[in-house]
Every structure is written in structure tokens, then in C-alpha cells.
Amino acid sequence: MKYSIKAAAVDTINADCIAVVVWNKGSLSEEAQLADKASNKGISKIVRSEDFTGKLGETQIIHNPVGLKSKRLLLLGGGENKKLNSKNAAKMLCAGLKAIFKSNATSAHFALTSIEVKGESTSWLSQRLAQEAECESYKYDETKSKKSKAVSTKLISISGAKTARKKSLETAMKSGAAIGTGINRARHLGNLPGNICTPSYLASEAVALGKKHASLTVKILSEKQMARLKMGSLLSVSAGSAEEAKLIVMEYKGAKADSKPHVLVGKGVTFDTGGISLKAGAAMDEMKFDMCGAASVIGTMATVAQLKLPINIVGLVGAVENMPSSTATKPGDIVTSMAGKTIEVLNTDAEGRLVLCDVLTYAERYKPRSVIDIATLTGAAVATFGSHVSALLSNDDKLAASLIQCGQNSLDRVWQLPLWEEYQPLLDSNFADIANIGGPRAGTITAACFLSRFAEKFKWAHLDIAGSAWNSGAQKGATGRPVALLVEYLSQQKA
Ligand code: BES
Ligand code: MN
Ligand code: ZN
């Protein structure tokens, strides 16, 4: 998709489709008024007939509108003008793009000069339009023999806020598109089945990404190398699998070599059977999504490299498959983590934390400014939050507050749960330094408590994306969350 800023008036724009906003009860935006005038009151007539009311997300395409140069006019419902906040504006753009992509329009222009989004900068709409356009045009067909038809639209332009500089709108569109492609990359990795998307596959995808960007260095650690680092906890998860575990290390340099990096850590369990503590059969296929944290790290690294963010960032992924077999770790087994702490594995299905703890210890070598881990860690997070928000737990209140704010800005929201010391004794073990489960209560919190024991040397936040990383049911598929949040957070950091 190509993106551009066009400042011309509605009646002179030569696009296959031009979109104007109509507010609730048919009140016309400035651009819609112009189009109305040019088209001999064509919009007023439709509005008066109440065929189109301007409800948020409503769309109607008018073909060969009189008086306009474009082949199609898209009426885009904006709802109540005063209520157009970022969430509603995104919904409106999304609906508009859906209608355009369903048509055969090869180019589309969004006439949005007069549209103000509550609480957002003048470039917000341009950025979001490009992001939504990328996301709306993604279709999964890699493992279908019949490929889906690509959208006909190849060019999207916008006339942004009058007061905004063209340059800043262009930058906004570029970053929106880069965020969208990062999200799609994460979605795609998530959607691939477990027999394709193995730890080695994730590693080769990361290596390929490193080849694309000179600023990105990627190295892969084998099981042998991890054994030398004494990553006994991570390796205990892959002990039952024929697939070799991989530690993926992606180093992005956007600042001076000695500038301390921000580190992202992704859970990359490419399939989670539960191991010897085998899961029940229902919906077990969805455990191919157990690497969505890893996918979000890879997607985010792709976006930051494309955006050339002026900081250093390290993306780490612990990639493993969790399988039962005669070589698998058993309940009661005790393993020794890279940090030297012994862990009693009371449930082999609580494997994510066993992977992450060694990767967190590995992160220490960077003396990071902040570490954020992203993981589909607990069913309890799904029970608590459903799919709208990811769980956030942190050992640093400032970092937590900043992530909550970035979640609001990017519409990729997180909400904090307490990481109080009162919960820590739930992880006591009679036989090791720590147990890998904390019992049936407060599952998301005790999982984070476990991780916190390995994150004492830096500012750290944990995002449990078990509920937000994918949709179930008819719309089954990975969401690419929280790439948008992570890019927003990293964009705010300085070297
Ligand atoms: N990958 C799962 C968490 C999960 C389950 C995410 C369902 C999304 C939907 C994780 O590895 C797991 O199995 N967690 C267990 C932990 C328990 C054994 C302490 C869980 O949440 O049931
Ligand atoms: Mn599990
Ligand atoms: Zn898991």
C-alpha cells in the first residue's frame, strides 16, 4: 500500500473513492458539505431519506457522484461529533477501509481536514489511517490451497488537519504503516500452525529480519549453548520435544554503541500441550498461539528498525515446544535456573515462566534501562480481563504508569494488577528454592511473582497477553497485540 497527503479540495480530488464524514442525524462535516454542494445536494437527499444516518461506523458508497472527479463517494458515519475520541475515530476509519476494500477502488482519499479527535494530536488520524489500512488488508492464506484475492486498493491518501505540517503528517502515515506491518507480522507468525512455526522457524524468521536491516543483528543460541549458560529451567521445558529450543537474540542499534538498551522478552512456546501435566483436549489447537509474545517482540523489532528509532533495543525470545514424552520433565522434578535458583516443577503446564526466567537472567548482561516481557502466561488472565486488555505487573510504578498511558494512546490497553510481597509465599517449596506454581488462586499474580524473582536487577514490567493475543471462535486468529503498545512505549524513550 502507498500512502500520501493531499491537501486539495474534495471536488478536485481524483481518486477512485473519496470518503467524507457525516455526523449523527445526518449533519454534514465541512468536507461533506463541499461534496454536497458540488453534487447538487446529493448527500442531503440521502440523509433526508434517512437511508444514511451518520451512526458511528455506518458506511455507504455512492457511485459516479455528480460534480465530483472521483468514481465513488463514501459516506462515513462519525457518530456524535463531540464524542469522537481515539477509540471511535479508529472504529470509523476501520469501517471506511472495510467498505473501500470490499469495493474495487484502486485508490482512496479520506477528506478529513475538519475532523478533530478528542485528546489527540493533529497527526493522529493520519497515523491511525495507515495502521488500520495495513491491518485491514491482512488476510491469512499461507496454508490454504486457494489464495485469497489481494485488496484492489493500492493507494491511500488523506487531507489532514489544516494546522498540521505536511511533513509531520507524512511521518505519521509512515509510522502508522510501519506499526501496521509489525502487527501483521506478529499476527502471521501467531496464525501459522505449530508444525510449521517451530522454534527453528521463529529463529529463521528473526535471522531473515536481521538480514533486511543493517541496524539489526540477530544471533541464535542452540540448546548446547544454552546448556553452557546453565539455562536448566528453559531447557527443562523442551526436554520432551524433538524440536530443538532456540534463544533468539535481536540487537537493534539506533543510538551510540554504549547507550544502554531497552529489552523486550517474548514467550515463544510454539505449541503448549501442557507436557506431562497434559492439557484437556478442548481448544488445544489454540495453544499454537502460545508464542504470540515472541511474535510481538519480532513484529516490534521489525517496526522499530523500519522507523529507525534513535535508541538501542534488544529483543529476546525463548523459543521452545512443550511436549510430553519419556524424556519430558515430570511433576516434582527439580531444575536449576541460570540464576542458580532451584525450581520444583509441580506442574509442567506452567512452562512459560520456566522459559522466561532464564531469558530474564540473560537480559542482565545488557544492564538494561527497562525490561518488558510479553507472554501468554496464564488462563487466569483470560478469566480476569477477557480480551480487551492485557494484564500488567511491574516492579516499577513509573514504568507501569507509562505503559498504561501508552496503552491508551495506541488503543492497545493494559491494566495493572498488584505485585505485592504478600503473594510471594504461595511459591514456597519444601524441596527447592521456589515452586513453579502458586496454587489455584491469583494465578496471574503468582506467575508474575515467580518472574519477579528473576527481575530484581532492573526496572521490569510483565504483560500477560493470554486474553488479548488472539481471538477464538469464527474470527479465530492472532491480534498482533501488543505491538502497537510496545512501539508507542519505545517511541517515547530517549537515548
Ligand atoms: N499457555 C498457557 C496459558 C494460557 C491458557 C493462555 C489458556 C491462554 C489460554 C500456560 O502455559 C498455562 O498452561 N498456564 C497454566 C498455569 C497453571 C498450570 C498454574 C494455566 O493458566 O492454567
Ligand atoms: Mn502451559
Ligand atoms: Zn503456555
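In strand β15, V414 is the bridge partner of S390. The two strands involved, β14 and β15 (residues 414–416), run parallel and share 3 bridges. This is a predicted model.

**Strand β14 and its neighbours**

- From β14 the chain passes through helix α12 (residues 397–410) to reach β15, and this β-α-β crossover is right-handed.
- Strand β17 (residues 460–464) also pairs with β14, but in the antiparallel sense, over 4 bridges.
- Within β17, the bridge partner of S394 is A461.
- Strands of a sheet pair through backbone hydrogen bonds, and the pairing is either parallel or antiparallel.
- Is β14 enclosed or open? Of its 5 residues (390–394), 5 are buried, so the strand is largely enclosed by the rest of the structure.
- S390, L392 and S394 point one way from β14, while A391 and L393 point the other way. Both sets are buried.

**A three-stranded sheet**

- An open sheet holds 3 strands in the order β11-β12-β16, with mixed pairing.
- Which strands stand at the edges? They are β11 (333–336) and β16 (434–435). Each has a single partner strand, so one side of each lacks a neighbour in the sheet.
- β11 and β12 are antiparallel to each other, with 4 bridges between them.
- T336 has T342 of β12 as its bridge partner.

**Helix α1**

- Helix α1 spans residues 30–38, and its buried residues include E31, A32, A35 and D36.
- Why do these residues share a side of α1? They cover an arc of only 140° around the axis, which puts them on the same side.
- An α-helix has 3.6 residues a turn, so residues three or four places apart point the same way.
- What do the buried residues of α1 pack against? Their partners are β2 (17–23), α2 (42–48) and β5 (107–111).
- Just after α1 comes N40, with a positive phi of about 60°.

**S238 in helix α8**

- S238 belongs to helix α8 (residues 232–238).
- The relative accessible area of S238 is 3%, so this residue counts as buried.
- Leaving out residues up to four places away in sequence, S238 touches E223, A245, V320 and E321.

**The manganese site**

- Which residues coordinate the manganese ion (ligand 2)? D272 (OD), D349 (O), D349 (OD) and E351 (OE) do, at 2.0 to 2.2 Å.
- The 6 donor atoms around the manganese ion (ligand 2) subtend angles of 71 to 167°, so the arrangement is irregular.
- Along the chain, the donors of this ion follow the spacing D-x76-D-x1-E.
- D272 bridges the manganese ion (ligand 2) and the zinc ion (ligand 3), and the two ions lie 3.2 Å apart.
- D272 lies in strand β9 (residues 262–272), and D349 lies in the loop between β12 (342–345) and α10 (352–363).
- Are D272 and D349 buried or partly exposed? D272 is buried, at 3% relative accessible area. D349 is partly exposed, at 21% relative accessibility.

Notes:
Residues are numbered from 1 along each chain as its sequence is written. Chains are lettered from A and ligands numbered from 1 in the order in which they are written. This is a predicted model: local features need pLDDT of at least 70, side-chain atom pairs count only at pLDDT 80 or more; totals for chains, interfaces and linings use all residues. Side-chain values use heavy atoms; hydrogens and water are left out. Donors are N, O and S atoms within 2.8 Å of the metal (3.2 Å for Na, K and Ca); water is not among the atoms, so sites may look incomplete. Four donors count as tetrahedral if all angles lie between 85 and 135 degrees; four count as square planar and six as octahedral if opposite donors are over 155 degrees apart and all others between 65 and 115; anything else is irregular. Buried means under 20% relative accessible area, exposed over 50%, partly exposed in between (1.4 Å probe, protein chains only). The arc is that of the directions from the helix axis to the C-beta atoms. Contact means heavy atoms within 4.5 Å. Two strands pair if DSSP finds at least two bridges between them. A crossover is right-handed if, with the strands pointing away from the viewer, the path from the first strand over the helix to the second runs clockwise.
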